[in-house]
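Me: I'd like a close look at the aromatic side chains in this one. Could you walk me through how the rings pair up?

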Amino acid sequence: MTNPFSITDSFYGNNETFQRRITGKEFGKATKGFFKKTWSKANYLYIFLVVLVIYILSTIRYFNWNLFTNIFSSSIFIGIVAVGMGLIVLLGEIDLSVGSMYALSITISIIAYNNVIVALGNTALGFFVCLLVSIGTGLLFGFINGFFVGIVKMPSFIVTLATTLIFRSFAQYIGDVTRTTAETSSWVNGSILNMLNYGPGLNNWVRELGAVQFASITLPTILFILVAVLIWLMTKYTKFGRKIYAVGSNPKAATLVGIKSNWIKTLVFSIAGALVGFAGFLHIASRGNLDTSSTGNSYELSAIAAVVLGGIAMTGGKGSIIGVIFGIAAFQTIDKIISALNLNPFLNDAIKGAILIIAILIQVLHFDKDKAIYFLQKFNLIYVPNKDLLLDAEYKNKVEKVEKDFENKINKVNHSTKLSEEEIVKKINELLDQKETILKKLNNKYIVLIEKAKVYREVHDKDEKLNEEINDKKAKLLNLKQYNTYLLKNKKEEVAPRLNLYYSYEKDLILDQMKQEYETKKFILKLQNELGVSLKQIEHLKNFALNYADDESLKIKINNVFEKETTKFNKEKEDIKVRSAKLEETYKSDLNIYQTKMDELILKQQEVDKEKEDQYVIQIQKDHEKEELRKTKLAENEKLKAEKAELKKQEEEKAVKEKDAVDSKLNERLNNIMKNRK
């Protein structure tokens, strides 16, 4: 099996290939690439894992498999509703009526089931009626929304805001009518509508479906995940699914290529409604009743939150339905975390809202490297390429602006009727003097800035080459260390059991490596000493700036600035000298320590090897004698085999001769009999 943390490399000295472990930098780069790639495709999974880890930590003393499966069990109803909402959001639309639609669908389904049981007493028929009515009513209500959004082209926000009021009102009205009718009054307790015969041992097929479990996972949970996967497969691998993404990305472009966007929207709202109805059926199976006034409240908000946490963009056309499973699971887990930490329940919605905002920000905000570089360059925090050319263009623009401003001022004065001829001449001369002064200051300022930019461009180009050389030296040193590690590992197998030979080999190898490392670091310090602005360039810029300084205070300021630059330069060079001296001192100290340590180890191992030498020689002699004895026995066995083979051959030949003699006699007798008969 290939080690994933090992790669094949080649030594720069002789191009020999060898196996080595990946470095931390290489592992970090690979890990970063993996997370970057997976985050862009499945950020919902990371969000769920973070929330799950927080939940596990908050319940670490009693967390178990049942608590984990309960996360998905508590997400069934909202989860299926959220899958439908995901389809709608992929279109770039919204549905605010799913909570009321959910309640109305359950209301009609329970009444239909109860009527079948009362009239026929057939629980199997009641089961199928309940299922079909749930899905059918959901499909019908979804089609109503889809008709107004897709065909009539009304805004989905307004349409579903209206239908949420209508559906909730009808649910409460039907519940109230059922309560006030004598035959059905027992079905309703206040605003609670109950399913008949819902309980253990009453042969209620709907309840039995809700009670089935596999490894603590309820059947409704499995159906929820199955529905989500089927809808995901539909969106990913069918033409209809691709049309949903196309309409969500750009409805006008989708229409132009022949996609009937209005009918796609109608169908998607209908499918979402059917999913709401199916979620209602599972609600009946799990609970057997509903509160017509509160069941489904805030489901639309939870569904939207699950869609956002699941990575589906609210603008439409982007995201995956499979993410809704993890989105709703993460959203439901937040409630459990709040409960486990004994936080104030009034903070529940605040925490959920904050997480929702963060999830949307993750979708909206994207790091743009080019914009970040431009921002840093704007404030001169990093090197700006061709800054001298940019400054030259900036200078020309400012000169043009100044000349234009003064031209307007001079024309205004020249056309003045309030001033005398002498005043006009005097005013114009003053303006011309001001212009010359401003232009001179601009020229002096920008000519110094442009010269500085040119010098720093030279410095940057030189530093890039030096840094490439420094990185190359560091890479070669690392390559040498990795190659030596490989050699030591293989040499140990070659020289064993004479370990003193191995330690001698290791000593020579590591001493050479230490020398190479010292030389490399010394060379790198030398190159680092050449980085940045040189003292000669600092003096040049100082003198250049002083030549264009027409103010004594400005000259003092320039001197102070460049004096600080010179002090900084000298300090950096002095620091490198100190580091160089310390490097040499450390190298000599480490060299002596290592050499002494290895010499002691080699001497000690030599004594051990001498003690083992006789035993080693005796053992080799014994091994040799054993080998000779083995060869002798082998030869004897071969000889015996040959003798046995010869005897066997002789016996076979004798048997053949005897058989031939018998056959000859028999043939002779037969011939005589035949001869006498004739």
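How many aromatic pairs does a search of the whole structure find?

Reply: This is a predicted model, so local features need pLDDT of at least 70 and side-chain atom pairs count only at pLDDT 80 or more, while totals for chains, interfaces and linings use all residues. Numbering starts from 1 along each chain as its sequence is written, and side-chain values use heavy atoms, with hydrogens and water left out.

The search turns up 25 aromatic pairs (rings of Phe, Tyr or Trp, taking the six-membered ring of Trp, with centres within 6.5 Å; planes under 30 degrees apart are stacked, over 60 edge-to-face, the rest tilted). Take F143 and F147: their ring centres sit 6.4 Å apart with the planes at 35°, so this pair is tilted. Both belong to helix α5, residues 123-151, and are four residues apart, which is about one turn of the helix (a helix here is a DSSP run of H or I, at least four residues, numbered from the N terminus). F143 comes out partly exposed because its relative accessible area is 37% (buried is under 20%, exposed over 50%, partly exposed in between, using a 1.4 Å probe and protein chains only). F147 is partly exposed too, at 34%.

Now compare W232 and Y237, an edge-to-face pair with 6.3 Å centre to centre and 80° between the planes. W232 has 23% relative accessibility, so it counts as partly exposed; Y237 has a relative accessible area of 53%, so that residue is exposed.

Notes:
Helices (H or I, at least four residues) and strands (E, at least two) are DSSP runs, numbered from the N terminus.
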